[in-house]
Amino acid sequence: MVEHLVNDQGDQLRLTPNRSLSWRGNIHVWLGLLIIMAGINTGMWLAGAWVILPFAGLELAALAIGFYLTARQCRRQELLLIAPELLRLEKGIFHKETEWTLPRRATRIHLVAARHPWTPPRLFLLHQELEIALAPFLNMDDTRLLVDILEGQGLCVERRQPDQGVWF
């Protein structure tokens with residue numbers, strides 16, 4: 001998602017991944033699967049196949065860990081401040097973890113075309129030898145919206161083709 005906020009220092013963009021389901025929704029899905037698996041495992045246990053019970057518990061634990069890690073990564077956000085003289089990018093999950101302050105006039109923005117039609121293009125902030133990925137979690141529509149906003153702010157977005165590396 002791209003949220004355009006107005007700040008007293010300049011325009012600010014909050015960039016976040018799409019969150020298809022809330023944490024409470026994840027818990028409800030997990031509890032639903034727990035109930036279904038409990039019914040199946042009870043039948044298996046009554047049929048004498050009790051050996052599957054520990055594996056079912058491991059499966060539910062792995063699923064819970066996967067839900068947690070995915071929900072945590074969906075809490076990532078980036079704040080991009082576009083001021084008259086500088087660009088400031090802050091990244092973090094629950095709090096600011098990293099921050100870059102770059103001079104606006106000496107910073108370029110590269111839009112690298114996608115290698116496959118289903119993947120979104122990638123954006124990078126470039127300043128001297130520093131290359132910073134900008135919101136790699138955005139989908140195609142949100143990436144287009146971000147590029148439109150950046151160009152509307154007077155920033156030059158240079159388009160380039162992906163490096164022609166070897167595919168494995």
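Ala135 is buried, at 5% relative accessible area (buried is under 20%, exposed over 50%, partly exposed in between, with a 1.4 Å probe and protein chains only). Ala135 sits in the loop between S8 and H3, and despite not being a glycine it has a positive phi of about 50 degrees. Helices here are DSSP runs of H or I with at least four residues, strands are runs of E with at least two, and both are numbered from the N terminus.

Gln128 also isn't a glycine, and its phi is positive at about 55 degrees. Gln128 belongs to the loop between S7 and S8 and counts as exposed, with 68% relative accessibility.

## What you're looking at

This is a predicted model, so local features need pLDDT of at least 70 and side-chain atom pairs count only at pLDDT 80 or more, while totals for chains, interfaces and linings use all residues. Numbering starts from 1 along each chain as its sequence is written, and side-chain values use heavy atoms, with hydrogens and water left out.

## The nonpolar core

The largest nonpolar core has 23 residues, and Leu13, Leu15, Leu80, Leu125, Leu134, Leu146 and Leu150 have the most contacts inside it. Such a core is a set of buried Ala, Val, Leu, Ile, Met, Phe, Trp, Tyr and Cys residues joined through side-chain atoms within 4.5 Å. Elements giving two or more residues to this core include strand S2 (11–15), strand S3 (77–82), S4 and helix H3 (140–152). H3 provides the largest share, four residues.

Take Leu134: leaving aside residues up to four places away in sequence, its contacts (heavy atoms within 4.5 Å) include Leu15, Leu80, Leu125, Leu146 and Leu150.

## Glu90

Glu90 is part of strand S4 (residues 86–92) and is buried, with 17% relative accessible area. Beyond residues up to four places away in sequence, Glu90 touches Gln77, Glu78, Leu79, Lys96, Thr98 and Glu99. Its side chain also makes a polar contact with the side chain of Arg88 at 3.4 Å. That term means a pair of N or O atoms within 3.5 Å; within protein, one must be able to donate a hydrogen and the other to accept it, and residues adjacent in sequence count only if both atoms are side-chain atoms.
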